[in-house]
Amino acid sequence: MEHPENSSEYAGLQVNSGVEQPSIINPYLKRNRFRRQEISVADMVEGIVKGDITILSQAVTLIESVNPTHQAKAQEVIEKCLPYSGHSVRIGISGVPGAGKSTSIDEFGIHLLKEKGGRLAVLAIDPSSERSKGSILGDKTRMEKLSVHPDSFIRPSPSAGSLGGVARKTRETIILCEAAGFDKIFVETVGVGQSETACHSMVDFFLLIQVAGTGDELQGIKRGIMEISDGIVINKCDGDNVERCQMAATNFRNALHFFPMPESGWAPKVLCYSGFYGTGVKEVWDMIYQYFDFVKQNGYFDYRRNEQAKYWMYESINEHLRLNFYNNPIVQQQLQQAEQSVLKGQKTSFVAAQDLLNMYYGADRD
């Protein structure tokens, strides 16, 4: 069918192109205006010690950076903040995904600030995607009360592939938070499994949050994380779920009888509470402070701190050696070739790895 506008009688018509649209970018924008001014190490340390949250956040970002220049600067900041640290109680909070960790932290934190005062820092570790390497970092949205409290600081961080449910730099972040005057530190893990327990190596009290219906006594024994827990709490004990939670608590208490007594001499307790309604929260904190009184009296508190410092020294050595190996130019050249040898069946994985290590050690001697 012919279009009428193509008819010869309309030949005199002209369609205007219209008004030229302006660029969506402001031509008067000065790009350098938004460039953040770099803060010196001395100014950063001074700001942290004064409790400046903005500078503390920038320092944490510096710690998490993989840029070698940033890492060198971050280590200098940590070293100068070290004398101001160590004067807090560190509490690790772990549990299966969906157990209500973030909601519980909101209730626990508000209760603690009301009863004990002081300042609270929450380090929430968010799982990083294996595919995109990104993290949502949305745990703060569940902490509605703490996120607006003037004496709290919430910092979500990506796990960045770290095992153990915590970020590699979490321990260093704790030091900065303590230097900034936070006398209570919560470390929330990503939601751990049976053996991912690195969080235990950086806190004074390890709290495991469970929910009803996760298994019987036998299942409880299999969970390696229960062996290192200083306290176990059953969340969502409200409404029609009270009886199931109490049954689950009995099962966990029975499971704990099969474990040997912990080094601290403290027998972990099992309590029920509701993070959503805030019931039973006081009893949980009574248990935690009862634990602190017990371990400070028998000397285990200081012993655990010393053992943790030693553990992280060796972890830092392992991390440095790993990075040094993969950044070695000879290893980088041969790594792809070694991969292909393994894939084609020319070498076993162990032989290929040993060959790379031999090249690395040989290059190191040269």
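Guide: Welcome! A surface patch is made of residues with over 30% relative accessible area and no salt bridge; like charges are joined within 9 Å and nonpolar side chains (Val, Leu, Ile, Met, Phe, Trp, Tyr) within 5 Å. A salt bridge is a side-chain nitrogen of Lys or Arg within 4 Å of a carboxyl oxygen of Asp or Glu, and accessible areas come from the Shrake-Rupley method with a 1.4 Å probe, where only the protein chains shown count as cover for residues. This is a predicted model, in which local features need pLDDT of at least 70 and side-chain atom pairs count only at pLDDT 80 or more, while totals for chains, interfaces and linings use all residues. Residues are numbered from 1 along each chain as its sequence is written, and side-chain values use heavy atoms, leaving out hydrogens and water.

Visitor: How much accessible area does the nonpolar patch with Ile-317 have together?

Guide: Ile-317 is found in helix 10 (residues 300-326); helices (H or I, at least four residues) and strands (E, at least two) are DSSP runs, numbered from the N terminus. Its relative accessible area of 41% makes Ile-317 partly exposed, which means between buried (under 20%) and exposed (over 50%), with a 1.4 Å probe and protein chains only. With Met-313, Tyr-314 and Leu-321, Ile-317 forms a surface patch of about 400 Å².

Visitor: Which kind of aromatic pair do Phe-108 and Trp-285 form?

Guide: Rings of Phe, Tyr and Trp (its six-membered ring) pair if their centres lie within 6.5 Å; planes under 30 degrees apart count as stacked, over 60 as edge-to-face and the rest as tilted. Here the centres are 6.2 Å apart and the planes are at 85°, so the pair is edge-to-face.

Visitor: How many residues apart in sequence are the parts that Phe-108 and Trp-285 tie together?

Guide: Phe-108 is buried at 1% relative accessible area, and Trp-285 is buried at 5%. Phe-108 lies in helix 4 (residues 101-116) and Trp-285 in helix 9 (residues 281-298), so the separation in residues is 177.

Visitor: Which residue lies over the face of Phe-182?

Guide: A charge sits over a ring if NZ of Lys or CZ of Arg is within 6 Å of the ring centre and within 35 degrees of the ring normal. At 4.2 Å from the ring centre of Phe-182 lies Arg-119.

Visitor: How many disulfides does the structure hold?

Guide: A disulfide is a pair of cysteine sulfur atoms within 2.5 Å. The number in this structure is zero.

Visitor: Which cysteine has the sulfur nearest to Cys-245?

Guide: Cys-245 is buried, with a relative accessible area of 0%. Cys-245 is in no disulfide, and 4.4 Å away is the nearest cysteine sulfur, that of Cys-237.
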